[in-house]
Amino acid sequence: MQETTIILISITAIQLWVDWIDSFPIKPIKWLRMKLNFKPFNCSLCLSVWIGVGLSIVFLNPLYLALPLFNKLTEKIIY
């Protein structure tokens, strides 16, 4: 159950950062997004791979390595 929650929160954060952060009216967030406009921070697949690797190392659970697959699946459903 904890894995599912962490994966869903990660997918939501990745989608917010890559796709919808430009429409936020908060200036520091826009400034940070402009400064980090290179891979892996502007590509949802790249970002999900590295977040999945990081979560796998932190929690010692290889299930998080499937995060890019779940992320792409949700992108296909949303778009």
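Tutor: Let's begin with W17, which touches L32, R33, L36, F41 and L47, leaving aside residues up to four places away in sequence; contact here means heavy atoms within 4.5 Å. This is a predicted model, in which local features need pLDDT of at least 70 and side-chain atom pairs count only at pLDDT 80 or more, while totals for chains, interfaces and linings use all residues. Residues are numbered from 1 along each chain as its sequence is written, and side-chain values use heavy atoms, with hydrogens and water left out.

W17 also belongs to the largest nonpolar core, 11 residues in all, together with I6, I7, I11, I14, V18, I21, L47, L55, Y64 and L67. Such a core is a set of buried Ala, Val, Leu, Ile, Met, Phe, Trp, Tyr and Cys residues joined through side-chain atoms within 4.5 Å, where buried means under 20% relative accessible area (1.4 Å probe, protein chains only). The largest share of this core, six residues, comes from α1.

Now to the partner of that helix. α1 (residues 2-20) packs against α4 (residues 67-78) at an angle of about 60°, the axes being 10 Å apart. From α1, I7, S10, I11, I14 and Q15 meet L67, F70, N71, T74 and E75 of α4. The residues of this contact divide into five nonpolar, four polar and one charged.

Finally, S48 in helix α3 counts as buried, because its relative accessibility is 0%. S48 touches I14, L67, P68 and N71, again leaving aside residues up to four places away in sequence.

Note on methods: Axes are lines fitted to C-alpha atoms, for helices over the stretch in contact, and angles run from 0 to 180 degrees between N-to-C directions. Helices (H or I, at least four residues) and strands (E, at least two) are DSSP runs, numbered from the N terminus. Ala, Val, Leu, Ile, Met, Phe, Trp, Tyr, Cys and Pro count as nonpolar, Asp, Glu, Lys and Arg as charged, and the others, Gly among them, as polar. Buried means under 20% relative accessible area, exposed over 50%, partly exposed in between (1.4 Å probe, protein chains only).
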